[in-house]
Amino acid sequence: MTQALVKTLDVSVQATDPLTLAGLTVLLADRPELRVLPQDEAGGDVLVFAADRLDARVVAALRRSAAATRRPVVLVLDKINDSELLLAVECRVHSVLPRAAVTAERLSRAVTAVAAGDGMLPPPLVGDLLEHLRSLQQRVLDEAGLNAAGLTPREIDVIRLMAEGLETTEIAAKLCYSERTVKGIIHTITRRLGLRNRSHIIAHAMRYGVI
């Protein structure tokens, strides 16, 4: 039986100092599933970029890469904080490896993972990123007057009456709205949240505990 061919991944390596560049190139060149591209060859499936910190020079280089190739990035750094991590993610960084923890196995695993569309981050960074995203989501919801279910107080009032079995005209009378206004509120909820009908709206609200 003929074995399935495994695609070799083309990897570009860049670093802010020649010693690190040489070291990473050696680590990757020993992996049969990877092919390290020459420095003068553009493109590749994955970019491995190493630096001390995510400073302005590194960010500029990553943004140029993202604009030119859209390839995912494995970033090797001495250290990174949560705000720098968010900036890195904007530059198509899918994996961050602490320089001190880099081995041929870990580096090749990160390259393979990001090429497949996955991401690899140290556990503390994952927690920081999730916490920041939760905070950002809540700030966006607050500014829009929405809660975690994506509903405004006025929309919740309408849904509660829907859940009691009231028709559109009855809801309008209860809330002193026009029937057209109630229909508009229901239509807005379904469109914004991708819900199908009244039953789906009620189920969504119940799932988030707002009714």
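1. Ile80 counts as buried because its relative accessibility is 17%, and the cut-off for that class is under 20%. The residue is placed in the loop that runs between strand E4 (73–77) and helix H3 (82–90), in what should be read throughout as a predicted model. Ile80 and Val96 are separated by 16 residues in sequence, while their C-alpha atoms lie 8.8 Å apart in space.

2. Turning to confidence, the protein has a mean pLDDT of 82, and 82% of its residues reach 70 or more. Among its elements, strand E3 (residues 46–51) has the highest mean pLDDT, at 93, whereas helix H5 (residues 123–144) has the lowest, at 55. Where pLDDT is low, the predicted coordinates should not be read in detail.

3. As to the secondary structure, the protein contains nine helices and five strands, and their order along the sequence follows the pattern β-α-β-β-α-β-α-β-α-α-α-α-α-α.

4. On burial and surface, 38% of the 211 residues of the protein count as buried. The accessible surface of the protein amounts to about 12200 Å², and carbon and sulfur atoms contribute 55% of that area.

5. Finally, with regard to contacts, if one takes those in the protein with a sequence separation of 6 or more, residues 24 or more positions apart account for 64% of them.

Terms used
Residues are numbered from 1 along each chain as its sequence is written. This is a predicted model: local features need pLDDT of at least 70, side-chain atom pairs count only at pLDDT 80 or more; totals for chains, interfaces and linings use all residues. Side-chain values use heavy atoms; hydrogens and water are left out. pLDDT is the predictor's confidence in each residue, from 0 to 100. Helices (H or I, at least four residues) and strands (E, at least two) are DSSP runs, numbered from the N terminus. Buried means under 20% relative accessible area, exposed over 50%, partly exposed in between (1.4 Å probe, protein chains only). Contact means heavy atoms within 4.5 Å. Accessible areas come from the Shrake-Rupley method with a 1.4 Å probe; for residues, only the protein chains shown count as cover.
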